[in-house]
Structures are given as structure tokens and as C-alpha cells.
Amino acid sequence: MPISPLISPVAVTAYQCVSAGGDDVDALYASLLANRPCLKPLSLFDIPFDTVVGEVTSALPDIRRDLQTYNSRNARLALKALEQGGFRAEMERSVACYGAARVGLILGTSTSGIYDSENAYASFQQDGVMPGDFYFTKVQTAQATAEFLRLEMGLQGPCYAISTACSSSAKALAAAQRLIVTECCDAVLVAGVDSLCRLTLRGFNSLQLISADACRPMDAGRQGINIGEGAALLLLEKPSADNTDRPRLLAVGESSDAHHMSAPHPEGLGAASAMAQALRLAGRDVSEVDYINLHATASTLNDLAEARAVASVFANPPPCSGVKGLLGHTLGAAGALEVVVSLLALERGFLPGTCGLQMPDPECRFPLVTAPELNVSPRLILSNAFGFGGNNASVLLEAA
């Protein structure tokens, strides 16, 4: 018997990104097909241990003069993504169509402007005063880059940030869908942006979670994670005759483990709940899912918990893979960035590989895609993003 959906789908009319995989979606697609790590030694600042990172090393654009108080690496990553592949033009079309007051903006981030705050406090230690051009509320706070994008695009709809660790921008997609289906907005710009900083690298290293070498998601010999950075932008709009040819965001399942500050529930109960909820909200059956983009950070506990969660939800799991061995873990940006990966899979007809995977963990009782599979036509994709504190989100997407 068909299951009635509990939330209406919305159209994904445009998406762009910048990451270690390249400066736009076409470059990311090429990197996914090559299936080679885009991870390199860190050049942005010095750290006292060995690792590789997913760093954006290409030039970042300058913030315009009247918005200089928002100047941060995070904002410049977001601006770079905005300028790629005609995304700004799509935003301008949306504003012209609906009016600026009907277009909202929700940002998912975890680091925000921490990198720039670190630099400012280093200057304070040296000179005894904070830099005159450093504005904490417009650089460091979670909503800073959201406010910058709102002003850059002249948006007047609801604007706020969500910061729930590594699920942040996946949850931003859920919030954006609710704004549209409740008719608070006709369109919403969803941004997932995180930049490298000393705090996260040193923090994860103190938890003994950082791998010195390129990480190996779902591998029996995995040694830990690599941190990355990036910006992903997605334009969601209410369905109309003009966007029937665009993929759909069907639903986002959300849950909280309430188990531990950093470790997931060992059986993946929260992760399983998020996946099951996404399907229930969309009125879809587990048998309809063609591919799962795993969170797959390459940490021992997280990969094991996710493997158990997938096995508990899917009696016959579809092909699965994870892309963090290619891009690194982009933290608060990961949810949105990997939804972009999933949209590329839907629209360009392929399944991404699991870069770095050598020997699958025996606990992974599902078909792992090791190398990219071409000439396939997935129609329903589930993309997972799980964060510290048991903040879980699973995004369900459907081809046009």
C-alpha cells in the first residue's frame, strides 16, 4: 500500500560549490570520476602534527568595500561559490520572480570565522590590542556569513544560521524546506560553509581522531579523519511548471542520539532513526532507494555505528559509498556539499566511489562502491550527515 507523504517536496533549481575537489561543480565531478584524494599537507597555517587536509588553495575573491566588516575566509569561500557557474544569475532570477522579501537564506556552519578570530588574537598577543578591522559579531558568530550573503544578494526574507556540528547544513536544508511548504518563503538559499582553522584541527587531534595520511572510509584499517573546507550553495524553490525538470528535495530526517558529546550511539540508533524518518516523511519505501551517500568519516566508531544503522534500516541495502577520502570532512559544510555530490550523481548518471577504501570493514554489510560506476540512473538517493552530540540528518533526493 502506498504511503502518504507527510511533507511536500521542493525543487532544487540550482547548486554550486567550491572545495578541495575544485572551484565549481564541473571540477568536483571530474575529481569524483578520477577518484583520487584531493588531500594535501596544510599550507594555510602551521600545526604540530602530521596530517593532510582538503584545503581550497585557489584564490578567493575580495569582499566588496561596503561589506568589509564581514571579511573572513568563510565569507570569501561563500562568495567564491556564489560566483561560479551562473549561480548568482539564478539567485537574481529568483529574486526578480518572487521579490526579495519572499526569498530566505539559511546557513549551516560549525567553524564560521574562527580562523580569522585566531589571527586576530595572535595579533592581540603580539601588539596588546585587537586589530581595528576585526568585528567579532560579523566574523566569528555563526550567523555572520549568513548576514553577509543576505546583504550581498539583497535578500529580505528570513535569514539565520544553524550550527549542529557536522549535520549543520543538512539541517539547513530541512529548515529551508519547511519555510517553503509553510509558505513563509517561495525560495530559500541554503549555504553550507566551513573553513579550516587551528581549533578544529588541534581539537580533533586531541581526541585522537586525525589520520596522518589520507583517510580510508569504511576500511578495516582506517586510522581516522582528515579535515576539509568548502562552500556549497543550493537554491530551493516551490514546485512550479517552470522547474519540473529539476531534481526534488523530498524530505530530511532528523534525530538526536542524546548518547555522548562526541561519540555516536554504538548501534547507530539515531542515525537509523534519521534515515527511517526521511523515508517516512517522503512516503517512500526502503526498497526505492538506489544509492546512499554515507557520512563515512573514516573514524573507527562513527563508521561502525553508521554501518550498523544502515543494516538495521535496509534489509537489502542499495550501493553505498563515501567521498570524504577525496574531499576531507568539511564539517558544517559536509551536509550541503555531499548533497551536491548526490545531485551530480542523479543528474549525470553515476555512483561515486569510496576514495581510499582498500579492505572493507567486515561490519559493513552492504555493497560498497569502491570505484565510480558510470552509466547508471539512480532516481532516489539518501545522503547522510551525522554530527557531534548525536545531531543526525538524512537528506532524501529524487531525480526530476
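Colleague: Is Asp 303 buried, partly exposed or exposed?

Modeller: In this predicted model, the relative accessibility of Asp 303 is 1%. The classes are buried under 20% relative accessible area, exposed over 50% and partly exposed in between, with a 1.4 Å probe and protein chains only. Asp 303 therefore counts as buried.

Colleague: From which number is each chain counted, and what pLDDT do side-chain atom pairs need?

Modeller: Residues are numbered from 1 along each chain as its sequence is written, and side-chain values use heavy atoms, with hydrogens and water left out. The model being predicted, totals for chains, interfaces and linings use all residues, while local features need pLDDT of at least 70 and side-chain atom pairs count only at pLDDT 80 or more.

Colleague: Which residue forms a salt bridge with Asp 303?

Modeller: A salt bridge here is a side-chain nitrogen of Lys or Arg within 4 Å of a carboxyl oxygen of Asp or Glu. The closest N and O atoms of the pair are 3.7 Å apart. The partner of Asp 303 is Arg 222.

Colleague: How many residues apart in sequence are the parts that Arg 222 and Asp 303 tie together?

Modeller: Arg 222 and Asp 303 pair in a salt bridge. Arg 222 lies in the loop between H8 and S5 and Asp 303 in helix H10 (residues 300-313), so the two parts tied together are separated in sequence by 81 residues. Helices (H or I, at least four residues) and strands (E, at least two) are DSSP runs, numbered from the N terminus. Arg 222 is also buried, its relative accessible area being 8%, and the separation asked for is 81 residues.

Colleague: Which residue forms a salt bridge with Arg 76?

Modeller: The closest N and O atoms of this pair are 3.8 Å apart, and the partner of Arg 76 is Asp 62. Arg 76 lies in helix H2 and Asp 62 in the loop between helix H1 (25-34) and H2, so parts 14 residues apart in sequence are tied together. At 25% relative accessibility Arg 76 is partly exposed, while the exposed residue, at 64%, is Asp 62.

Colleague: How many of the ten residues of helix H2 are buried?

Modeller: The buried ones are Arg 73, Asn 74, Ala 75, Leu 77, Ala 78, Leu 79, Lys 80, Ala 81 and Leu 82. Their cover includes strand S1 (10-19), helix H3 (87-98) and strand S5 (230-237). Helix H2 (residues 73-82) is largely enclosed by the rest of the structure, because the number of buried residues is nine.

Colleague: Which residues is Ala 81 in contact with, leaving aside its neighbours within four places in sequence?

Modeller: Ala 81 is in helix H2 and counts as buried at 0% relative accessibility. Contact means heavy atoms within 4.5 Å. By that rule the partners of Ala 81 are Gln 16, Cys 17, Val 18, Phe 87, Ala 231 and Leu 233.

Colleague: Which helix gives the most to the lining of the second largest pocket?

Modeller: A pocket is an open set of points on a 1 Å grid over the protein atoms alone, with protein on both sides within 12 Å along at least five of seven lines; a 1.4 Å probe is used, and lining residues have an atom within 4 Å of a point. Grid points are joined across faces, edges and corners, and the volume, the space filled by probe spheres set on the points, is about 260 Å³ for the second largest pocket. Its lining includes Ser 110, Cys 166, Leu 331 and Phe 388. With four residues, the main contributor is helix H8.

Colleague: What phi does Ala 298 have?

Modeller: Ala 298 sits in the loop between strand S7 (291-293) and H10, and is buried with a relative accessible area of 0%. Its phi is positive, in a residue other than glycine, and lies near 85 degrees.
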